[in-house]
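This briefing covers the structure shown below.

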Amino acid sequence: MRKFLLPVTYTLYFTLPRLFLNVFVTVIQSIFNFIFDVYIFLIVLDGWQNGEGFFSICYKVILIGIAHTVFLVMKNWYENCYVPQSDLNINQYMRKLIFEKMKDIDLYCYDTPDFYNGYILAMKEIDGRTNAYLNSINSFINNLFAISSTSFVIFTIDPIFFVIALIPLFVSFFIGRAQGRERYVYHIETQANERKKDYIRRIFYSKEYAEEMRTSGIFNVLIKHFDNIMNQFQVIIKRHGHKMALYEYLDYMLMDVIVYLGAVVIAVYKTVISKDIAVSGALVIANTISSVSWSIRSFSDMYVEFQEHAMYIDNFSSFLNYKSRINDEHAKWTPSSKSDSLAVQNLTYTYPGNETPTLKNVCIDIRQGQKIAILGPNGSGKSTLMKVIMRYYEPDSGKIELDGKEISEYYIKDYRKNFGTVFQDYRLFAFTILDNLLLKDNIAEEERKRALYALNMTEMMNVIEHLPRGIDTKLTKEFDAEGVVLSGGEMQRLAVSRLFAKEYSFLFVDEPTSAMDPVTEYNVFKKILDYNKDKAVVFISHRLTSAVLADYIYYMDKGEIAEAGTHDELLALNGKYTAFWHKQAQLYGEVDRGNEKHNK
Ligand code: ADP
């Protein structure tokens, strides 16, 4: 019962006016169906047999015609004006609920297959599901009305016809179950294949793959996969097609041949031979027996339909009720805009599904004014550390303190505002340069000026000043032919400009410079340091540039802080950092020597 009521409550909540009109239109439509299928025969034929005058019968028919015309005007308005608007409103409302929730969902969810299977797939169904649910309600009302009104008339004509109409219900109990099972397996098998097809289609549409497609042999590989997928569809159809055809055939045989012909033969007998029923009754039987029988039959399908809706709504509501592990439950403080220290103590973190921790007993101390480098080879856990500090992930053990208080005691939103961050995998959006820089709405004149200043700091103004719309130029040409396509290095400089557009207590710079040439990288880093003399700046890198600029270095290896100290102290240790340093210096040297040779 709960499964049935849950969707009703949700739909009432989201779509009350639509539901009301939907029911209203369906009920009136059902009444007209009844009038045209049953009542009109009774008026005309019974009236004629009882000696009623032509004009009296016409008068009743014309009244029905006028009422139907008025109803059609309303129905057309409902279907062509009201429904599309209401669909949009419902869609907008539901999507915003989801967007709101997605913003706060724990990041670890994205690494959990259940999250995709359960939530993301359910989200995809939003458009179709509301309509499907309303259609189910329509069918339910229609069927209920058809069964209660038409079958009542059939029953009063002769109960035997009602019994005939019920036959498919019993038979379908057996056929329907087998048919349902077959359809379900067919659906599951095609779904899995459908996802693979979707992946290939996405690759062909997406610009990211366009270059690879033209320069490598991947096109043929994709086409081969595509052919395999389509062949797999053929196999699935062959496997299930015959059985499904047989079930459908039995269904139609039962309804259209046995029920219909059986009822008509009995009706003719009862009219002509035994004279138990009137001609109008026989016509009503012939006209309605199949549809009543279908209505009774589809009632048994409706249970399955509503269960499916209930499963979806269950998914949807558990998504909306999902409580983030990282929340403001213990929050009582707002950090000072001039926070002083950040201490990471014995931090251990394991990604969901991983067997070994990515961070092991990490200890780091960051104070205002310090310039710190967190160095180490790829995969040593540097970015993960930054993400745990930002409270994107909850550590397994250990703690992080800001100004001596555990970070869970601060309101998340305010805590994060304290950090200026540029990630290795930063994102730009197909909006204006200004939007991409400030990442906010309602931009004030002051902030606009600050944005220009920030772009100057990363030398991006040299690029932007040549654009006709300056900082109001859109990125990419996807939505605007006058948009600008930036190079990799320029995109990184734009991302780094974000650090200059606002004041922060701590700056975390996680290698957003890989596409910049070493001179530009060095200049950008220098500017960040010069501008933030009294702030804490943390460079996360596997390259040497930041090591030269930092006054304290943490060297990470396999998730642990292997060594820590100043550059000279670490070199004196002659450990992992020294090896890392010499190896890179040697590589840079080789590259430089190579360049020199080449230039000669
Ligand atoms: P670094 O920044 O030092 O290059 P990362 O912190 O990005 O290293 O990654 C450290 C390790 O954690 C890597 O072995 C990587 O495969 C693993 N890792 C990163 N993100 C995830 C994730 N979302 N799920 C599982 N493992 C991850």
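E52 is partly exposed at 27% relative accessibility, where buried means under 20% relative accessible area, exposed over 50%, and partly exposed in between (1.4 Å probe, protein chains only). The model is predicted: local features need pLDDT of at least 70, side-chain atom pairs count only at pLDDT 80 or more, and totals for chains, interfaces and linings use all residues. Residues are numbered from 1 along each chain as its sequence is written, and side-chain values use heavy atoms, with hydrogens and water left out.

**Salt bridges**

- E52 pairs with K60 in a salt bridge whose closest N and O atoms are 3.1 Å apart; the term stands for a side-chain nitrogen of Lys or Arg within 4 Å of a carboxyl oxygen of Asp or Glu.
- K60 is partly exposed, with a relative accessible area of 36%.
- R239 and E189 form another salt bridge, with 2.6 Å between the closest N and O atoms. R239 belongs to helix α7 (residues 218-273) and E189 to helix α5 (residues 159-205), so the pair ties together parts that are 50 residues apart in sequence.
- Helices (H or I, at least four residues) and strands (E, at least two) are DSSP runs, numbered from the N terminus.
- R239 counts as partly exposed at 44% relative accessibility, and E189 is partly exposed at 23%.
- Within helix α5, E194 and K197 lie 3 residues apart, about one turn of the helix. The closest N and O atoms of their salt bridge are 3.2 Å apart.
- E194 is partly exposed at 33% relative accessibility, and K197 is partly exposed with a relative accessible area of 26%.
- Over the whole structure, the search finds 21 salt bridges.

**Overall form**

- The protein has 18 helices and 10 strands. Its radius of gyration is 36 Å, well over the 25 Å that the globule rule gives for 600 residues, so the protein is more spread out than a compact globule.
- That radius is taken over C-alpha atoms, and the globule rule is 2.2 Å times the number of residues to the power 0.38.
- The C-alpha trace spans about 115 × 55 × 55 Å along its principal axes.
- Of the 600 residues, 42% are buried.
- Of the contacts between residues at least 6 apart in sequence, 75% join residues at least 24 apart; contact means heavy atoms within 4.5 Å.
- The accessible surface is about 33400 Å², and carbon and sulfur atoms account for 60% of that area. Accessible areas come from the Shrake-Rupley method with a 1.4 Å probe; for residues, only the protein chains shown count as cover.

**Strand β1 and its partners**

- Strand β1 (residues 341-349) is mostly covered, with 7 of its 9 residues buried.
- β1 pairs with strand β2 (residues 359-367) in the antiparallel sense over 6 bridges; two strands pair if DSSP finds at least two bridges between them.
- V344 has I364 as its bridge partner in β2.
- β1 also runs antiparallel to strand β4 (residues 397-402), to which 5 bridges join it. Opposite Q345 stands K399 in β4.

- T384, in helix α9 (residues 382-389), counts as buried at 7% relative accessibility. Leaving aside neighbours within four places in sequence, T384 is in contact with Y349, Y351, T358 and L359.
- K558 sits in the loop between β9 (552-557) and β10 (560-565) and is exposed, with a relative accessible area of 61%.
- Outside four places in sequence, K558 is in contact with K360 and S380.
- T476 is in the loop between α13 (461-464) and α14 (488-497), and is partly exposed at 33% relative accessibility.
- Not counting residues up to four places away in sequence, T476 touches A430, G483, V484 and V485.
- T476 and S497 are 21 residues apart in sequence and 18 Å apart in space, C-alpha to C-alpha.

**Nonpolar surface patch**

- Y59, I62, L63, I66 and V70 make a nonpolar surface patch of about 530 Å².
- Patches are made of residues with over 30% relative accessible area and no salt bridge; like charges are joined within 9 Å, and nonpolar side chains (Val, Leu, Ile, Met, Phe, Trp, Tyr) within 5 Å.
- I62 is found in helix α2 (residues 54-104) and is exposed, with a relative accessible area of 52%.
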